[in-house]
Amino acid sequence: MSVTNGKMRPSLTQEILSHLGLANKTAAWGTLGTLRTFLSFSVDKDVQRLLRAIAGQGVDRSAIVGVLTNRSREQRQLISRAFQERTQQDLLKSLQAALSGSLERTVVALLQPAAHFDAQELRTALKTPDSTEDVAMEILATRSPPQLQECLTVYKHNFQVEAEKDIESETSGVLRDLLLALTKALKQAEGPSTEGTWVLIFTQRNPEHLVRVFDQYQRCTGHELEKTIQNIFHGDAQAALLSLASVIKNTPLYFADKLHQALQDAESNYQVLMRILISRSEIDLLSIRAEFKKKFGKSLYSSLQDAVKGDCRTALLALCRAEDI
């Protein structure tokens, strides 16, 4: 927090975080997500369904997917607690024992509290150099302030270290400064610095203001800001700034691009597909689907059908929900 005329006001970093994403936007029926609270929810019936799916002759994967992809994250947490109370067994461990591969990873992600899943993904990204920029920027730039704060709290509890400490030790330069800014601990650049200026502009301005800046920049220079970023920066710094610019300009399009890239990989990147579809299913997946169809001329649902193989295909399609004509 900072002080103006004796009064406390949110930091500019907190301000930008409060505007990123579409968490507060709604459609006519409630949210822009594909997954809503299941109105006929019965925790006892769901526990019984899952017990039968696990304990019967052969694991009923379809039943497991049917329950977990048709309940909100809050309802899945209620199911998990009820399962423990009624059976004295941990639902997550029971399902892990019954499943394997990509479906097991998908089910684990569905059952974990959102902050725990984000904290684990962030930790893995920071400890895996090839994915640090991509995953860390996604999580830190698109979660709401309360979601991010909870994620950072869980991170410290689970890994016995502050996320900021891992960012400082595992990253450097502009990428480090951007990530620290997005975790509300901006490392101020010392003295005049082109890189420092870019970090400050991108992390201490209201996104709506930045969109206008981007438009004005293009009118004045004749080319998009992204082109300048590509000319000035390289490596992780370039990728991080391009990602943040994309998030600020159009969050659903940012995710549509990430999904498309994951589907184009030689072997579809299930982790990326799973993380985005699960994390955005109750927020703005309908908008992401619309941007995907508009840009790539094919629905996300059909693209998943064509590219994804194996047991997790049904789960990802269920989260996507429907074809876009």
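**View 1. Helix 14 and its buried face.** In this predicted model, helix 14 covers residues 225-232, and Leu225, Glu226, Thr228 and Ile229 are buried there. Buried here means under 20% relative accessible area with a 1.4 Å probe, protein chains only; helices are DSSP runs of H or I with at least four residues, strands runs of E with at least two, numbered from the N terminus. Look down the axis of helix 14 and its buried residues fall within an arc of 160°, so they line one face of the helix. The arc is taken from the directions from the helix axis to the C-beta atoms.

**View 2. The largest pocket.** Its volume comes to about 730 Å³. Of the 34 lining residues, Asp134, Val135, Lys258, Val272 and Arg275 sit closest to the centre. A pocket is an open set of points on a 1 Å grid over the protein atoms alone where a 1.4 Å probe fits, with protein on both sides within 12 Å along at least five of seven lines; lining residues have an atom within 4 Å of a point. Grid points are joined across faces, edges and corners, and the volume is the space filled by probe spheres set on them.

**View 3. Who lines the pocket.** Helix 14 turns up again here: along with helices including helix 8 (132-142), helix 16 (251-264) and helix 17 (270-280), it gives at least two residues to the lining of the largest pocket.

**Notes.** Residues are numbered from 1 along each chain as its sequence is written. Local features need pLDDT of at least 70 and side-chain atom pairs pLDDT 80 or more, while totals for chains, interfaces and linings use all residues, and side-chain values use heavy atoms, with hydrogens and water left out.

Terms used:
Buried < 20%, exposed > 50% of the residue type's maximum accessible area, 1.4 Å probe, protein only.
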